[in-house]
Each structure stands twice: as structure tokens, then as C-alpha cells.
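Hi,

Here is the structure I promised to pass on.

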Amino acid sequence: MPLDSEREFAYDFGLVMDDPANFSDVIVLAEVIQCVATFAILAAVTAPKRPLPPGWFQFSVTGDKNNAAEDVEGKVVAREEKKKKRGNGLLGGMMWGNLLERGGGLDDGEEERGAGTDATAAAEKERSVSSSRAKKNKAVAAQKKRSAEWLGEAGNSVLIVWLAVLGITALSYALGLRGDDVGSEGGGVIEKAFKAGPRGAWSIFLTTVVLAPIIEETVFRGFLLPSLTKYMPTWNALAVTTVVFALVHDHNTGDTLQLLCVGAVAGSVYCRTRNLAASVLVHASFNLGVLFLFSAWTNSG
């Protein structure tokens, strides 16, 4: 293709892209380049100097139970420490108030009562430590269990996604948000790839069911979500990443509602299992279902 004229280059490039076989090759190449660039960026931002919160970033088909529990254990301990400090501050203020009211002195009876108070406080502290340890152990055990059973969690999430998506799709058609003249822009890409035959079908499968879920889940759930937990509660971080995930895809209103559902469920299963494989499976199953339904729809016509 000549590079002398921008117009001639655009025209010749358009002719090349009109060929479904060339088009399918280009989308695979673009997705691979995007994948390499994404992982290079993430490797830089998750270096030891700027680590993510512990226990979040993992991709394991077996479920890294011990690593997944680190963040949970730390949060339980932090909550208990905050409660203890708040309680100690209140108790200390009451004791100082009593001393000031009495002129700062203690008689013999008060010393005896003080000793009894110290014993009571020690017993209360021991009960508090025991309760904190029990809560921590319970939370850690629950997190390890969910991480070990990530495949079952992912399977349940896939079912939830498709029930919700089918409901949203039916509602979108009923409200006129979707129709013959209001389709997804991604449908044109899929249709063009299918025209290239098996080669094009394989290309679109590789990009949408394999590469895209890995890239997008790594960015949105693997990096952005846990990064936001440094500044806000986990469920708030989940909500933000879900909205961003849906909006960066250039689709119509009906598709955006579906993507909000997919993002919310994929993020939830990642928060529960701390395993990126679970959210990738949810995302890939949705994309695979879209390809299957589009293929069935076009072949039925």
C-alpha cells in the first residue's frame, strides 16, 4: 500500500480490511498486541515497590488458599485493633475524669477497688483477644474454603449471569432498547469474521473467548479493583470497577445493562474467591454464549 497519500492509503487499507480473512487476522494480531502491552504495564505497576494489597492478585486453577486469606486476616485484625483503641480511649478518659474529680488522690479503699478493676480489665482483655482470634480464624477459614472451591463459585456465577442477561435482554426488547435496527456494534465484527469461514470463526473465538477475558479481567478485577480497596470499602470498589468496565465498551443501552451485570458478577466472584481464574471463566462463558447465539441467529435466517 502506498504511503505517499493518506487518502490512497486509507482506500487501499479499506480494501484489505473488506476481505474477511484479512480482517480476522488483524483482530487477532491487535488483541495479541493489546495483551502484551497490558501485561507489561501491569508488571511495572505491581512491582515490589508498589504492591497490591496482599491476597488479591492470583490466577490459580487450584486456588491459593493461604495467599487468598492474607488480606482477610489483616482486615479482621485491623478492625479489632480499631475497636480496642476506641475502647481503651473511652476507658482511659473515664478513669482520668474520676481522678480529676477527686483531686488526683486515691485512698486505701480506692486502691483496693483499683486492683479489682485491673483484674476485671485483664479478664476483659483476654476475652476480647479470644473473641478477636475466633473471628479471625472464622473469616480466614471461610476465605480459604471459597478459594479452594473457586470452580463451584464460578459455575454458580455463570448461571446467575445468564439468568440475569436473559432477563435484561427480554426487558430491553420490551422497552424498545433493542431491536432489528438497534443492534450491538460488536455484531458487525462477529458477522464479518464468520464470513471468513472456519479461519474467521477460530479468530473471533480466540479473541473474544480466550484473550479478551484474560486481558480485561486482569485489568479491571485483577488490578483496578484491589487497588481501589486501598481507598474505599471492597463493595464500593466493586461498584466503581463494574461501571467503568461497562462504559469502556462502546455498545448500546441494552448491551451496557448486560455488561453491568457481567461486571458485577465477575467482580463478586473474584472478591469471594480472590482467584482471577473464576472471573475469567464467568467472562469467557458470557462471550462464548454471545458467539453461539449470534451464530444460531444468523444461520436460522
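Below is what turned up, going from the whole chain down to single residues.

First, some ground rules. This is a predicted model, so local features need pLDDT of at least 70 and side-chain atom pairs count only at pLDDT 80 or more, while totals for chains, interfaces and linings use all residues. Residues are numbered from 1 along each chain as its sequence is written, and side-chain values use heavy atoms, with hydrogens and water left out.

**The whole chain**

The protein chain has ten helices and zero strands. Both kinds of element are DSSP runs numbered from the N terminus: helices are H or I with at least four residues, strands are E with at least two. Of the 301 residues, 35% are buried. Buried means under 20% relative accessible area, exposed means over 50%, and partly exposed is in between (1.4 Å probe, protein chains only). Now for contacts, meaning heavy atoms within 4.5 Å. Take those between residues at least 6 apart in sequence: 77% of them join residues at least 24 apart.

**A helix with a kink**

Helix α7 covers residues 198-228, which is 31 residues. Its expected span is 1.5 Å times one less than its number of residues. Look for a kink of about 40 degrees at A212, shortly before the proline P213. The bend at a residue is the angle between axes fitted to the seven residues ending there and the seven starting there.

**Two cores**

A nonpolar core is a set of buried Ala, Val, Leu, Ile, Met, Phe, Trp, Tyr and Cys residues joined through side-chain atoms within 4.5 Å. The largest one has 19 residues, and V161, V165, V262, V282 and F286 have the most contacts inside it. Helices α5 (150-175), α8 (234-247), α9 (253-273) and α10 each give this core at least two residues. A second, separate core of ten residues includes F23, V28, I190 and A284. Back to V165: leaving aside neighbours within four places in sequence, V165 is in contact with Q258, C261, V262 and F286.

S285 sits in helix α10 (residues 276-300). With a relative accessible area of 18%, S285 is buried. Not counting residues up to four places away in sequence, S285 touches V158 and W162.

R274 lies in the loop between α9 and α10, and counts as buried at 6% relative accessibility. Most residues other than glycine have a negative phi. R274 is not a glycine, yet its phi is positive, about 55 degrees.

Cheers
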